[in-house]
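This report looks at a few side chains and their surroundings, with attention to aromatic rings, charged groups and backbone angles. Please keep the sequence and the model at hand while reading.

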Amino acid sequence: MERRPIHIAMFSGGAASAYVAYLMVNMHGQENCKLFFTDTLWEHEDNNRFMLEVADYLGLEIIKRRDGRTPEEVFEETRFLGNSRLAKCSSQLKVRQTVIYIEELRDEGYEPILYFGIGPHEAHRKVNLVDFYSHQTTGTVETRFPLIEGNLRDIDIKAIIQNEWKIKLPHMYELGFSHANCGGRCVRGGMNHYRHLYNVWPDKYLAQEQMENRFRENLGDFTILKRKGEPLTLEQFRMEIEGVYPSNLDEEENDLPCVCVFT
């Protein structure tokens, strides 16, 4: 059966995926495009406001899917604490919902083409996504990366959304976060991210620290952060930030969110 192409912007609730959706609609028309968002139940409340305003600006509805579990519940069920190297919350809560939606579209006679908000500075991630979506469904899914192809930078995109679209960016950007997913609690955010999280939202940092401590009591020496390949607990890192312990705060192992920031 020949399927009709349908263009899907993998909407993360951030600026890059919003602008990718804009480029997609301009090229293929509203009637051939959709916004797709997978909810982890950890998202900041202002993300929803931003997404609705972008959807209204583009003239599209948002297709929302949720597994029903939070990342913490996924960690508990899989007995694996998400960390800076591997996060099963992404595969369980976002990728799985995306694959289900792809198959639903195919059953309806559509062939989905996925659009991701990866910029030129993250071009290496394109290879992983292309490979991933060639194996996860009943047939290879075409993936497109307009920001890489157009060599568009994040700072330019944010200025366009604010100044031309007249849409206020998600509150997390105003607070200095590099991405707006999972309400600041991204387990793959890295040390710079967690240092910033502690300075801006110490209560959320402590919630992550307490979650990590519970897992360590039951599962052993597992941590969200690592330094030079060795476990670094959030409690220890907090003590370093507070100046209780000596530290090397200029060292950074990982400062990129997981792939869910693009989906």
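A charge is taken to sit over a ring if NZ of Lys or CZ of Arg is within 6 Å of the ring centre and within 35 degrees of the ring normal. In this predicted model, R185 lies over the face of W42, at 3.9 Å from the ring centre, and the charged end of K204 is placed over the ring of W201, 4.1 Å from its centre.

**Around helix α3**

Both W42 and R185 are also among the contacts of E72, which, once its neighbours within four places in sequence are set aside, touches M211, R214 and F215 as well. E72 belongs to helix α3, which covers residues 71-78, and its relative accessible area is 15%; because the limit for a buried residue is under 20%, E72 counts as buried.

A pair of aromatic rings is described by the distance of the centres and the angle of the planes. By the rule applied here, the count comes to twelve aromatic pairs, and one of them joins F75 and F215 in an edge-to-face arrangement, with 6.4 Å from centre to centre and 80° between the planes. Since F75 lies in helix α3 and F215 in helix α10 (residues 202-219), this pair ties together parts that are 140 residues apart in sequence. F75 and F215 are both buried.

The rings of F132 and Y133 have their centres 5.0 Å apart and their planes at 80°, so this pair is edge-to-face. F132 is partly exposed, with a relative accessible area of 26%, whereas Y133, at 1% relative accessibility, is buried. Elsewhere, ring pairs link Y19, Y22, Y57 and W165 into a cluster.

**Positive phi angles in loops**

Most residues other than glycine have a negative phi. Which value does phi of L41 take? It is near 70°, a positive value in a residue other than glycine, and R79, likewise not a glycine, has a positive phi of about 55°. L41 is found in the loop between β2 (33-39) and α2 (45-58), while R79 lies in the loop between α3 and α4 (88-107).

| Residue | Relative accessible area | Class |
|---|---|---|
| L41 | 35% | partly exposed |
| R79 | 55% | exposed |

Technical notes. Residues numbered from 1 in each chain as written. Heavy atoms only, no water. Helix = DSSP H or I, 4+ residues; strand = E, 2+ residues; numbered from the N terminus. Buried < 20%, exposed > 50% of the residue type's maximum accessible area, 1.4 Å probe, protein only. Contact = heavy atoms within 4.5 Å. Phe/Tyr/Trp six-rings, centres within 6.5 Å; stacked < 30°, edge-to-face > 60°.
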